[in-house]
Amino acid sequence: MGPKSIVGLAGALIVVLVTLSSVYIIPETHRGVLLRFGELIETDISAGLHFKVPVIDQVREFDIRLLTTDLPSRQYLTIEKKPLDVDSYIAWKIRNVDQFYRATGGDEYRASELLLSRVDNGLRDEFGVRTMVEVVSGQRDELMHTLRDRVNETSLKEFGIEVVDIRVKAIEFPGQVSQNVYRRMATEREKLAQEFRSRGRELAEGIRADADRQRTVILAEAFAKAEEMRGEGDAQAAQIYADAYSSNSEFYSFYRSLEAYQNTFANEDDIMVIDTDSDFLKFLKDPQGNR
């Protein structure tokens, strides 16, 4: 290979290298800024193939997808001055690349620190005007939405960052406070259980008293009904006896005397002292009952 060929090959290689160093590609999930001697000359460069001046120009790329940052566990005081350990996180994305770069120098860590500082102060303020019950359950969603809107308004204006969501992962009581809270909760539950037991006993006594009253009424009504039926039976029996006597008084008298004899002399050891002229023995002396 001659000198001319070597020079030509070297020149072609230089051209290729210069061309490659003049071309850069921004991925679909990113946006870029172009710096010349460290000075910002182009911002919010969209995805695709772009050109720059080799050596002189420098490209910085930023992920515009949804990013999350965990807020280290912090302790906040409620309106009752009760401490709570809170773990939370922020979901955010770069909305304005130019403003983001100017405010943070394109440093995502710096952006996270700025957001964490504002969220930390916001949580402290929001917890400080709410009770423990409200922040633990009742108003947690409202608290997070209010804080997100407030932080998002300032972060968009100052950093070009959109705060999509702020969420509390866990709320816990510090050691001694947890024990006191659990002890108080147990006492309240025991008090509530005692109240329910007292109500149950009171209700049971009422039901038992009503049942006893109904039993007394039913027995009284049954006894009255039985006495009434017994009276009616006795009346019917007396009427039957009267009818039988009136239809054949001699036979009725004879029959009743036989029943009396049977009942009187049922036991062999029975002894009766009676006048032989008594009417009780008239049928023993004369079958016709004549004296």
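Reply: Terms before anything else. Rings of Phe, Tyr and Trp (its six-membered ring) pair if their centres lie within 6.5 Å; planes under 30 degrees apart count as stacked, over 60 as edge-to-face and the rest as tilted. By that rule, Phe62, Phe100 and Tyr101 form one aromatic cluster.

Me: What kind of model is this, and how are residues numbered?
Reply: It is a predicted model: local features need pLDDT of at least 70, side-chain atom pairs count only at pLDDT 80 or more, and totals for chains, interfaces and linings use all residues. Residues are numbered from 1 along each chain as its sequence is written, and side-chain values use heavy atoms, with hydrogens and water left out.

Me: How many aromatic pairs does the structure hold?
Reply: Three. One of them joins phenylalanine 62 and phenylalanine 100, edge-to-face, at 5.6 Å centre to centre with 75° between the planes. Phenylalanine 62 sits in strand β5 (residues 57-63) and phenylalanine 100 in helix α2, 38 residues apart. Helices (H or I, at least four residues) and strands (E, at least two) are DSSP runs, numbered from the N terminus.

Me: And phenylalanine 62 with tyrosine 101, what geometry?
Reply: Tilted, with 6.2 Å between centres and 50° between planes. Phenylalanine 62 is in β5 and tyrosine 101 in α2, so this pair ties together parts 39 residues apart in sequence.

Me: Is phenylalanine 62 buried or exposed?
Reply: Buried, because its relative accessibility is 2%. The cut-offs: buried is under 20% relative accessible area, exposed over 50%, partly exposed in between (1.4 Å probe, protein chains only). Tyrosine 101 is buried too, at 16%.

Me: Which residues of helix α2 are buried?
Reply: Val97, Phe100, Tyr101 and Thr104, in a helix that covers residues 97-104. Down the axis of α2 they fall within an arc of 95°, so they line one face of the helix. The arc is that of the directions from the helix axis to the C-beta atoms.

Me: What happens at the ends of α2?
Reply: At the start, a side-chain oxygen of asparagine 96 comes within 3.2 Å of the backbone nitrogen of aspartate 98. Just after the helix, glycine 105 has a positive phi of about 70°.

Me: Switching to the core. How many residues are in the largest nonpolar one?
Reply: 35, and those with the most contacts inside it include Leu84, Trp92 and Phe127. Helix α3 gives the largest share, seven residues. A nonpolar core is a set of buried Ala, Val, Leu, Ile, Met, Phe, Trp, Tyr and Cys residues joined through side-chain atoms within 4.5 Å.

Me: What does phenylalanine 127 touch?
Reply: Leaving aside neighbours within four places in sequence, its contacts include Tyr76, Leu84, Val135, Leu143 and Ile171. Contact means heavy atoms within 4.5 Å.

Me: And the whole chain, how many helices and strands?
Reply: Eight helices and eight strands. Of its 291 residues, 24% count as buried.

How values were computed
A polar contact is a pair of N or O atoms within 3.5 Å; within protein, one must be able to donate a hydrogen and the other to accept it, and residues adjacent in sequence count only if both atoms are side-chain atoms.
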